[in-house]
Amino acid sequence: MPGRRGVLATAAALGATVLAGCSVPAPRRTGPTADPAPGVPIASTRRAQLMQFAAHPDDDLYFMNPDTQRMLDAGVPLVSVYITAGEHTGVNRIKGMPETPPDRAAYSSARHQGLRQTYATLLGLDKFTPWQKGVATLHGGRSAEINTLVHGGRRVELIFLNLPMHAPRRFMALPALWNDRALELRTHLSAGSPVERSDPYDHDQLIDVLVGLLDRYRPTVVQTLDPDPDIQVSDEATRKRDSEQPGYSDHGDHTAAACFTWAALIRWVAEAQKGPGAIPAFVATAFRGYYNRHWPKNLPPQVLEEKAGHLVPYGGDPAWECGNPAGCGDYSVGGDRPLANRKGWVRSTHHRWPGTGPAVVARPDGRLDAFGVLGLRAVRWRETEKGSGLWGEPEDLGGGPLAPALGSATLPDGRTLLFGVRFVAFGGHGAPNKREVVLLEQRSPGGPFLAWRGLGNPERNDDRGRRIGVPVAVSGRDGRIHLFVRNADKGVSTRVRSTAGVWSPWRSLTGTEEVQDGLDAVVDATGRVHVLAAARESVLHWIDGVPAAPLPVAGDPVAAVPARGSDGVEVYYRGPAAKELLLSGRGNASFDGYGSVAAAAGTGGTVLLGRDLRGRIQLRRGGRLWTRTQGTAAVQAAALRLLPGGPAAVGLGADAHPWVWRPTERSVLAEGE
């Protein structure tokens, strides 16, 4: 039962603002605020630790895989935190059988058992392998169930906070907790759990608990759901059928859980910044949720079969003898039902801020600089010696808190420009929620930077402004900088910087379809600026801001390079649910895999970089294929750089440290391998 210290509004009063925007009335408490000034020490570790935060049991399996699986396969330990108990109505539906009486404690327990079954199989064990169950003491003396399984040097910990999904007069309890400064929820008790006491939570107490868990485990990779889902206008019947919140393309619990998690990340960094220690070094990734329902699917059959297969032990079966009297999984998800579900959530995996890897530039002496986001702040890593592939400690460039991906461009004089999306404000129960495109300009090639500068937002109000995508920029032959972002209408907005450094106002490009994030911009041999974006039914293409002929539909963001021997561009991407890589929508570029690719025009032809069907980084050059089989697990996308000695891939590892891979003859694979 929820406790109250004020007057409750009705559930209907929550509406779209409560569930989707995480925007609310006057704040109750203020904590340390993030300081964007640079020069703060950053913690250094070569230990990898993955930590993911979900609203419900199964969010990780539907939306974060196969990324989670790839890191587990590489030996990265996992801590998975589930904020709600997942009890819903308490009915564990069994296909083809009469509905059972509601039992929230049993249904929550059955879903937890399904997670244990899945993660046991992910560790290579029998699904009924016993776990060590215990009680974790959290901030403020609260308790949570913790399940631990270790096998072959790999470790998984599941932490169940068990906040209720629903409460009297608050059908959506977690979104209400984000909004309502007077609301208090009590945790749900799951059947068979070692936790025997229900604990109270208000807004700030949940953030405090999440900060405490982050500080306890010190993750180097953090995975969350989407705090800023797309605007989605549907009639009421469609919205309910799609299980979406009013006005936005995701479940309200997903958005609220993501908001609480990002608020905790921001507070964790801010507290470290104000204290005597160093800022925690972690890479963050947010995953789209029910967004997957609305766009072309992007997982090819081999990857999809593997991902959906991990939901089978989670769904379980009432005939199984799993040792949990409350149930052996979430029966409505068992068997082939994830694949048969018309909503298609399992058929895609999308990052909220899809980047192209670290921004990599060569200094005047030939050593590389890599720029990325670490601990929600921009950082620079510097290669210690030319061609060594060894990096110094990260240099804090400030600017935070930032979204996980940066855009970049190079001025004619060799100076670097970095673009990001800053969380100018990120608060619940009354605090503003605001995003802004920001710029960091280098003072001299390879040298220090000027102060951060705000470039505003193409949207006119804060709620719409939260829907913008990753900034993408390109330097024109005339020295102007062209900046592009996806906007709240799922179109493309742009600003142009003159050679004198003056920015034009934001304007929108004319388009015939809504587009996904992950834009690409390139300048062709004649100096024309091309922008490409994967849309619902095609790939949209603009040349100098004017719509050009579209290409066939893509499943992921596209990569373009100037066409060889002519004007125009070559465009590389995979079609929906396809492993084959297409060239300008036609033919097969002989680069099977999944996910987006990077492309660069080399002297011997186009060089391609991406992931194979097993998630490994691969590179194709001149008809030969190389695969990265050693080193730390790669996180997010990798950048492609053409160097005098040959192409190189630069990415971030699960240890939050950059890696460089220069393919050699020893790592080349024969065709067909």
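Visitor: Over the face of which residue does Lys 127 lie?

Guide: Keep in mind that we're looking at a predicted model. Lys 127 is at 5.0 Å from the ring centre, and the residue whose face it lies over is Phe 128.

Visitor: Is the pair of Tyr 82 and Phe 160 stacked or edge-to-face?

Guide: Their ring centres are 5.5 Å apart. Planes under 30 degrees apart count as stacked. The planes of Tyr 82 and Phe 160 are at 25 degrees, so we call this pair stacked.

Visitor: How many residues apart are Tyr 82 and Phe 160?

Guide: Tyr 82 belongs to strand β3 (residues 78-84), while Phe 160 belongs to strand β6 (residues 154-163). Both of them are buried. The pair links distant parts of the chain, and the separation is 78 residues.

Visitor: What about Phe 419 and Trp 503, stacked or edge-to-face?

Guide: Here the ring centres are 6.1 Å apart. Planes over 60 degrees apart count as edge-to-face. These two planes are at 85 degrees, so the pair is edge-to-face.

Visitor: Where in the structure is Trp 503?

Guide: Its partner Phe 419 lies in strand β16 (residues 416-426), and the pair ties together parts that are 84 residues apart in sequence.

Visitor: Is Trp 503 buried or exposed?

Guide: The cut-off for buried is under 20% relative accessible area. Phe 419 has 0% and passes. Trp 503 has 8%, so Trp 503 is also buried.

Visitor: At what angle do helices α6 and α8 pack?

Guide: Two packed helices are described by the angle between their axes and the distance between the axes. For α6 (residues 203-217) and α8 (residues 252-274), the axes are 8 Å apart, and the angle is about 60 degrees.

Visitor: How many charged residues are in the contact of α6 with α8?

Guide: The contact includes Leu 206 and Asp 208 of α6, and Phe 260 and Arg 267 of α8. Asp, Glu, Lys and Arg are the residues that count as charged. Alongside 10 nonpolar and two polar residues, the number of charged ones is five.

Visitor: Which residue does a cis peptide bond join to Pro 66?

Guide: Pro 66 is in the loop between α2 (59-64) and α3 (67-73). Omega of this cis bond is about 10 degrees, and the residue joined to Pro 66 is Asn 65.

Visitor: Is Asp 544 buried or partly exposed?

Guide: You'll find Asp 544 in the loop between β25 (539-543) and β26 (546-547). Its phi is near 50 degrees, a positive value in a residue other than glycine. Buried means under 20% and exposed over 50%. Asp 544 has a relative accessible area of 46%, so it is partly exposed.

Methods:
Residues numbered from 1 in each chain as written. Predicted model: local features only at pLDDT ≥ 70, side-chain atom pairs only at ≥ 80, totals over all residues. Heavy atoms only, no water. Phe/Tyr/Trp six-rings, centres within 6.5 Å; stacked < 30°, edge-to-face > 60°. Helix = DSSP H or I, 4+ residues; strand = E, 2+ residues; numbered from the N terminus. Buried < 20%, exposed > 50% of the residue type's maximum accessible area, 1.4 Å probe, protein only. Lys NZ or Arg CZ within 6 Å of the ring centre and 35° of its normal. Axes fitted to C-alpha atoms, helices over the stretch in contact; angles between N-to-C directions. Contact = heavy atoms within 4.5 Å.
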